[in-house]
Amino acid sequence: MMKKLSLLPILLVCLSCEPDLRYQKILADPETYQSAMKRLTDIIVYDIFSPPVASRVYVYPNIAAYEVARHSSPEKYASLSGQLADLTETPTPGDLVDINLASLHAFLTVGKALIFSEEKIDNYANAFYQKLTDHGLPSSVKSESLAFGEQVASHILKWTDGDMYKQTRTYPKYTVRSEQAYWKPTPPDYMEGIEPHWREIRTLVLDSAEQYPPIPPLPFDMTSGSTFHTQLMEVYDIGKSLDQEQTEIAEFWDCNPYVSHHRGHAMFATKKITPGGHWMGITAIATRQAESSFDETVEAYARTSIALFDAFISCWDEKWKSLMVRPETLINEHLDEDWLPLLQTPPFPEYTSGHSVISRAAAVTLTDIFGDDFSFNDTTEVEYGLTERKFNSFMHASEEAAISRLYGGIHYMMAIENGVDQGQKVGEHIVRNLKTRR
């Protein structure tokens, strides 16, 4: 009598021969890139980079990631080489390269080179790569992908070295001028001016830092009834009568990476994201809401970070030319020595408003990507103890970011309105001249 053979052992053997491809699902998920971006933001907060320097830490890793990710659809995406100042053609991948893995590795490698807490990137990368290995990533694909990511990262870092950042670290500090019209350090820490030579940093799409200068600030005139004095009084009066909505708007957009608190002889500080970091957060919200693919997510981050980077250079060029005094200085000297702005005044000249310039440039870019009427709930500040705010569009968000500086007591209206115009021109120039789609 013949025995019936069980097919179960054979089936189990066959199943055990099936390759484990779970790693491909992880690498195809745009949340993988979002996670890496969030890690970089957390490190920027931890390392306390100033707003303009933070924009540099954001832009180069995202460019590196994009230059790899574009190879996923070369017929769809164009290289940034030849479009960004001095960027030459980047390497091309081999057959075994997983493009998304190489893109992430290029991002992390460049990011690590631009921060202080390198071990935080290493720990993140090692844990992630081990997870991929545990989920079936072949060693050959891993080695080829990481090698290609390293190639592109090396290319980008060599290019990065030519942007004048290292040279400006040795330039002289700003010498405070005695005339009333000029910026002076403000309480409580009276910090020296941040990045007085940022205008020397190489722009990426703009021809130069001076390409879109704002109209000049109002002439300094403390005569009662003068236009300048009227704008100063506006800051003072609004600061004394803020309602709840105005207060919430100011605090939501504060984005001061280092706020010091003094209690008697004790001093402590709180760390938060920079203004550029807030717009990176908005980019995260938009790409998730739009259900962007991995490569579309990388593209959005790259374009937005480029807009922020050039906008900071444009704004800082004007700040350190006009050297406009902050409202707090004049109010304390001429109106009320005990008056304090709602927000701590940042340590650099007043005109134009950085929030106004960079927010508008980012909003113009994101509008070009996602459309005019892209409404969203901005949850970026929730982890810092603030509630979310709803916006009807990116432009709506940029307008609120701009006016928040008046409510915060740290900018005149001229710096806000003219800063928005400056950011609009910068953003439109970048949208016209930077093409990621063929």
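## Basis of the description

Local features in this predicted model require pLDDT of at least 70 and side-chain atom pairs count only at pLDDT 80 or more, while totals for chains, interfaces and linings use all residues. Residues are numbered from 1 along each chain as its sequence is written, and side-chain values use heavy atoms, with hydrogens and water left out.

## Helices α14 and α15

Helix α14 covers residues 354-370 and helix α15 covers residues 394-407; helices are DSSP runs of H or I with at least four residues, numbered from the N terminus. The axes of α14 and α15 come within 8 Å and cross at roughly 175°, where axes are lines fitted to C-alpha atoms over the stretch in contact and angles run from 0 to 180 degrees between N-to-C directions. α14 is therefore roughly antiparallel to α15 (an angle over 145 degrees).

Contact means heavy atoms within 4.5 Å. On the α14 side, the contributing residues include His355, Arg360, Leu366 and Phe370; on the α15 side they include Phe394, Met395, Glu399 and Arg405. The contact of α14 with α15 has 8 nonpolar, 5 polar and 3 charged residues (Ala, Val, Leu, Ile, Met, Phe, Trp, Tyr, Cys and Pro count as nonpolar, Asp, Glu, Lys and Arg as charged, and the others, Gly among them, as polar).

## Glu400 in helix α15

Glu400 lies in α15 and is buried, with a relative accessible area of 9%; buried means under 20% relative accessible area, computed with a 1.4 Å probe on protein chains only. Its side chain makes a polar contact with the side chain of Trp253 at 3.0 Å (a pair of N or O atoms within 3.5 Å, of which one must be able to donate a hydrogen and the other to accept it). Beyond residues up to four places away in sequence, Glu400 touches Ile249, Trp253, Arg389 and Phe391.

## Helices α12 and α16

The axes of α12 (residues 294-322) and α16 (residues 413-433) come within 10 Å and cross at roughly 135°. Among the residues that make the contact are Arg303, Ile306 and Asp310 of α12 and Gln422, Val426 and Ile430 of α16. By class, the contact of α12 with α16 comprises 7 nonpolar, 2 polar and 2 charged residues.

## Thr283 in helix α11

Thr283 is found in helix α11 (residues 275-289) and is buried, with a relative accessible area of 0%. Leaving aside neighbours within four places in sequence, Thr283 is in contact with Ala300, Tyr301, Thr304 and Leu366.

Definitions and conventions: Helix = DSSP H or I, 4+ residues; strand = E, 2+ residues; numbered from the N terminus. Buried < 20%, exposed > 50% of the residue type's maximum accessible area, 1.4 Å probe, protein only. Parallel < 35°, antiparallel > 145°, perpendicular 65-115°, else oblique.
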